[in-house]
Amino acid sequence: MSRFNGDWYSPTRLHDSPTQYHFPGDRFIPNRSLMDLDQAHTLLTSRTREVCNSTFGDEYRRKLEENLFFDSEGRPFRMLVFRGSPKSSKKSIRFLDEMQQQDEAEALHNKNIKQFQYRHLPKKESRVLDAPRINDDYYLNIMDWGKRNILAIALGSDLYLWNAETGHSQKLMQVDDQEDYPTSIAWCEDGRRVAVGHLSSKLQLWDAETFKLIRSLEGHDDRVGIAAWNGQILTSGSRDKSIINHDVRARNSLTCRVQIHSQEVCGLKWSITGNKLASGGNENLIYIWEASKMCSSNFLHRFSGHQAAVKALAWCPYQSDVLASGGGTLDGCIKIWNIQKGTCINSIRANAQICGLEWNRHHKEILSGHGFSATGHQNELCLWKYPSMSKLGELKCHSSRVLHLSQSPDGSTVVSAGADETLRFWEVFGPPVTDSSRVSDLDSLLSFKRSLIR
């Protein structure tokens with residue numbers, strides 16, 4: 001049963017059938033026969049005269065007016081009244097919007113300050129591995145960290161694989177010729193195969209799971225000092241001044257050969273999107289290539305801003321058209337290039353040989369590894385804020401120059417290989433540290449344990 005106008009009523013029959021009834025439930029369905037539509041229309045449209053309904057008594061009307069026009073203490077009060085003019089209300093709305101924007105900006109600022117307070121450089125490396133017989137040669141690229149969390153490093157004539165999860169190392173291959181040794185290493189994107197360039201101009205493809213040689217790739221006449229993958233395309237640079245693209249799926253793998261550098265090709269890096277290649281040479285030049293036009297030797301840009309060999313190249317992970325480059329001893333500069341416009345957008349003098357560059361994927365920062373300088377040895381790693389390129393700090397633990405840098409698959413750790421025959425692991429790229437993630441004193445002591453990589 002439902003209540004209407006103070007009276008209880010039973011469900012009404014819809015049709016003649018005695019079993020069909022209408023149960024209103026929680027909805028009110030008005031009965032037009034009980035309505036005075038003329039009076040309702042007058043009440044809605046009339047503003048000059050008051051219409052009385054004989055259904056309601058004077059006492060009821062008085063109570064209604066008291067509730068509508070007076071507060072609990074009997075003071076005049078209009079419940080249904082518009083307060084404020086449209087002009088003043090707009091000002092109020094604008095004021096509230098401004099206050100909200102200020103609050104949001106302040107909250108964002110406080111959040112950035114909080115994150116910055118937690119972002120700090122580690123005082124020490126998290127792990128140190130011995131790397132005896134590592135070649136102290138600026139032009140080599142003999143360390144790479146693969147997608148399966150395995151670090152490949154060439155020590156003399158041997159190539160080792162170190163598993164970062166288990167801490168175990170295995171020898172992948174050994175060069176028996178005393179006049180030959182690995183000069184470049186590059187993991188394939190699947191983390192299963194590794195390309196190895198040699199002093200003798202050989203370029204080999206090894207299976208890291210079966211420890212077997214897959215194939216040898218021909219084309220170079222001198223040492224292969226740098227290699228880079230782009231899908232199934234393996235690009236190699238040599239002291240013979242040439243760049244070669246190999247399609248490792250094809251029987252005749254050589255698909256493209258360009259020779260535009262006038263000296264050794266010592267830097268190669270494919271963009272994250274895979275449509276551009278940056279190459280650096282010992283003649284101090286950087287060339288930018290479009291993948292689809294390489295075979296015609298038609299380069300996109302030629303940058304001549306450095307005053308020494310360009311080995312260190314790194315594409316920005318969050319701006320696909322931004323490239324960082326580092327020059328050798330006589331240059332000592334880090335330059336940031338806009339590839340779309342073909343311009344240098346920033347240049348910072350580091351005053352030391354730049355051997356490697358690694359972008360931070362968690363924060364807008366870039367890490368540089370340094371060697372010789374005009375005044376001696378730097379042997380340090382420097383962290384720079386992007387895009388201002390202001391220095392955030394330095395890491396000084398190597399006793400000789402830093403030769404190579406490589407980054408872990410999760411982007412939290414960077415390993416530096418030094419001429420002091422050590423590999424040092426730095427927890428420098430991780431997300432902001434929280435109290436819950438701090439390690440105990442015992443864990444800290446164990447993490448500094450020095451061990452052999454072989």
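How far apart do the end C-alpha atoms of residues 258–290 lie, and how much of the span is helix or strand? The ends sit 13 Å apart, and the span is 0% helix and 55% strand, where helices (H or I, at least four residues) and strands (E, at least two) are DSSP runs numbered from the N terminus. The structure is a predicted model, so local features need pLDDT of at least 70 and side-chain atom pairs count only at pLDDT 80 or more, while totals for chains, interfaces and linings use all residues. Residues are numbered from 1 along each chain as its sequence is written, and side-chain values use heavy atoms, with hydrogens and water left out.

For residues 395–428, the end C-alpha atoms are 10 Å apart, with 0% helix and 50% strand.

Turning to the sheets, four strands line up as β10-β11-β12-β13 in an open, antiparallel sheet; two strands pair if DSSP finds at least two bridges between them. At the edges are β10 (182–187) and β13 (212–217), each pairing on one side only. From one strand to the next the twist averages 25 degrees, with axes fitted to C-alpha atoms (for helices over the stretch in contact) and angles running from 0 to 180 degrees between N-to-C directions. Inside the sheet, β11 (residues 193–198) and β12 (residues 203–207) share five antiparallel bridges, and Val196 stands opposite Gln204 in β12.

As for aromatics, rings of Phe, Tyr and Trp (its six-membered ring) pair if their centres lie within 6.5 Å; planes under 30 degrees apart count as stacked, over 60 as edge-to-face and the rest as tilted. This rule gives 10 aromatic pairs. One of them joins Trp145 and Phe425 edge-to-face, 5.8 Å centre to centre with 90 degrees between the planes. Trp145 lies in β6 (residues 143–145) and Phe425 in β34 (residues 422–426), 280 residues apart. Both Trp145 and Phe425 are buried (under 20% relative accessible area; exposed is over 50%, partly exposed in between, 1.4 Å probe, protein chains only). Together with Trp162, Trp145 and Phe425 form one aromatic cluster.

Trp359 and Tyr386 are also edge-to-face, because their ring centres are 5.0 Å apart and their planes meet at 85 degrees. Trp359 is buried at 3% relative accessibility, and Tyr386 is buried at 7%.
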